[in-house]
Amino acid sequence: MSFSPALIRQDFPIFERTVREGKKLVYLDSGATSQKPHSVIEAESGFYKLHNAAVHRGAHQLAEEATDAYENARLIVANFLNAPGGSDEIIFTKNATESLNLLAYSMGNAKNTNRFALKTGDRIVVSEMEHHANLIPWQQLCARTGAELAWFSVTPEGRLDLSAIDSVITANTKVVALTHQSNVLGTIIPLEAIVARAHAVGAVVVLDACQSVPHMPVDVAALDIDFLSFSGHKTLGPTGIGVLWGRKNLLDELPPFLYGGSMIEYVTMTDATWAPAPAKFEAGVPNMAQAVGLGAALNYLSKIGMENIHTHELALTGYLLEGMRGIADLKLVGPTDTHSRGGAISFMVQDIHPHDLGQYLDSQGVAVRTGHHCAWPLAKALNVPASTRASLYLYNDESDCDALLDGIVGAKKYFGRL
Amino acid sequence: MQLDSLYQEVILDHYKHPQHKGLSPTFSAQVSHVNASCGDEIILNINLEGDLISELTWDGQGCSISQASVSIMTDLLTGKTLDQAAIILKSFSDLMASKGTSPGDELVLEDAIAFAGVSKFPGRIKCSLLGWMAFKDAAIQAQSKK
C-alpha cells in the first residue's frame, strides 16, 4: 500500500470537524500532542466497556482480562522499541515528564554504595536544547545532591556543539541526558560519539525521545543507550500514559521513586522490600485503559511502518522548508535543510510577534504553537524570545503546508495594514 | 472577520508606537512580570507623589496585545490618583473576565476599551492583563515603602 495521508486522515475522527467558522482543520501542532485514530479511541473505551478491573489484583475474570490487556500493551511497547530485555524493561508512567522525574528522583534515592548515588564532584550532562522536562529534573537533582550540571551548547545553526565533548562528558560524569530530537529546532542529535564517550567514562545515557519515537524507527538496542522516555499522547495514544524504558540490570539496581501498593515484595510495620522491575516503579493502580490505548496506537503506527512515516515527514519537511525560503522576512530557527532533522519547524516572521501570527493562522484554521516551547534556555541562547512552530505528522500533506505558507503571507498583509 | 474585534486599530497603533516605553532612572517601585507560558515580559517603573501617579515607564517584549495594553495603560493611569487607578484597574479586569459579554465602560477605560474584543479569546486575556497586573504589584510595593 502506498503512503496516503488522505486515507490515514480517514482514520482520525477529528478531521471530520471544521474550525473557526467552517474552515478545514490544518493541524500542525502534533509536536505538542497528536490526534487519535479510531482504533485508539475504541481500545481505550473498549477496556472500560468490557474489561475494566484493577490489574494485578482481584480473584475474578475481569481482573485477569484487564491484566492481560495491560501486560500485552507492555509487550507491544517492548517490541516497538526493540527492548533487549523484553517487557520487564518497560515502565508505564503518566507521560515522558514523569518518566524523567521518576529516573531523577530514583537516582536521588540511591544510597552511597549504589551506582546511581550522586555526590559533590559528580556531573550530570544535558544540552542547551533540552525541553524543560529533561532539564529541570536534572538541574534539581544536582541541587539536591551537590552534583554539578554541565551542558553541550548549541551552534547558531541549531546543532549540538560536540567540539568539546571530552571536556563536557568528563571522567566524573554519571548521567548524560539528552533530547533525541529537539522539539523546537527539529534537530536530531548524533548519538554515536556521545554514547561512546559516556560509556567510556561509565555514565548512563538517558534519551528524551518524545519527538523521535512517534516519528521514526527507534531501536534502543541499536542505539546502545541505557534509558529512554516518551509520551503516549504524542504517539497517537491517549493522554495519561508514558513510558520509561531502562536496561534490566540498571532497573534492578535503581531504587524506587513512588512507594505504595503493587511495588513491594515484603512489608512489615517498619520495613519493606521491593518487587522486581517494572512493578517496583509502578506503585498504585496504573492508567490501564490508557496503556491499552497506547498499545493500539503503536500497532497502528507499526502497520503503516515507522520507516514510511519518517520518509513521508522528511519529504514534507523539505517541501515546507522550500516554501518558507520563498517568503521574505521569514527566518528559520534551526537547521535549514533536512539533514538529521525531523518535522518540527520553528520560525519567525519579522515584525509579527509569534503570538499574533499564531492568532491569524488560527483564524485560517491552521493550528500551530507559539512561544518558547518549554525550552526557555534555548530561546535565550539563540536570542529568540518566542517563535512559531509547525510540527508535522503522518496525517499531514502538502496542502497543509500550503495552507500554512498562505497563512503566513496573509498575516504579513493583515498586520502590515498600518 | 472576528479577528478584527481583537486587533483594533488603536491596539496595533500602540504596538507600533508604544507610549512611555523606556525606563525612568528613578522610581518609587520597580516590578518585573512575565507570562511564563509564552515568554512575554515587562518591567514597570512607578513614581508616586503622595497618592498621585506622577510617572509610569516600562520596557518589555511580547505580542501586540501585551505590549499595546501596557502602553495604553501607562497613558491612562499617569496623572491619576491611586484610588482612581484602582477603579480603572477593576473595570479593566472585569471586562477581561466577561468572556465577551460586557461592552465595557468607555467613560472609565477610554482607549483601553479597545481590548473588549480580547475577552472573547481566552488565550489572549493573560496577554492584555500582563501590564495591569504589574501595575497592581508596583502600586502595592510603592505604597508599602511610604
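With which residues is A:Asn95 in contact, leaving aside its neighbours within four places in sequence? The model examined here is predicted, so that local features need pLDDT of at least 70 and side-chain atom pairs count only at pLDDT 80 or more, whereas totals for chains, interfaces and linings use all residues. Residues are numbered from 1 along each chain as its sequence is written, and chains are lettered from A, with ligands numbered from 1, in the order in which they are written.

A:Asn95 lies in the loop between β4 (90-93) and α4 (96-108) of chain A, where helices (H or I, at least four residues) and strands (E, at least two) are DSSP runs numbered from the N terminus. Beyond its neighbours within four places in sequence, A:Asn95 is in contact with A:Ser231, A:His233 and A:Gly242, contact being defined by C-beta atoms, placed from the backbone, that lie within 7 Å. A:His233 stands 138 residues from A:Asn95 along the chain, yet 7.9 Å separates their C-alpha atoms. A:Asn95 counts as buried because it has 22 C-beta neighbours inside 10 Å; a residue is buried if 20 or more other C-beta atoms lie within 10 Å of its own, exposed if 12 or fewer, and partly exposed in between.

In helix α7 (residues 191-200) of chain A, the buried residues are A:Ile194, A:Arg197 and A:Ala198. They cover an arc of only 100 degrees around the axis, which puts them on the same side of α7(A), the arc being that of the directions from the helix axis to the C-beta atoms. These buried residues pack against α6 (165-168), β7 (173-179) and β8 (204-208) of chain A, while the face turned away from the buried side carries the exposed residues A:Glu192 and A:Ala200. Just after α7(A), A:Gly202 adopts a positive phi of about 85 degrees.

Chain A is divided into domain 1 (5-30 + 306-415) and domain 2 (41-302), with bounds that come from an automatic or database domain assignment. The contact between them takes 23 residues from domain 1 of chain A and 24 residues from domain 2 of chain A.

The contact of chain A with chain B takes 14 residues from each of the two chains. On the side of chain A that touches chain B, α12 (354-363), β16 (369-371) and α13 (376-381) of chain A each supply at least two residues, and α12(A) gives the most, with 5 residues.
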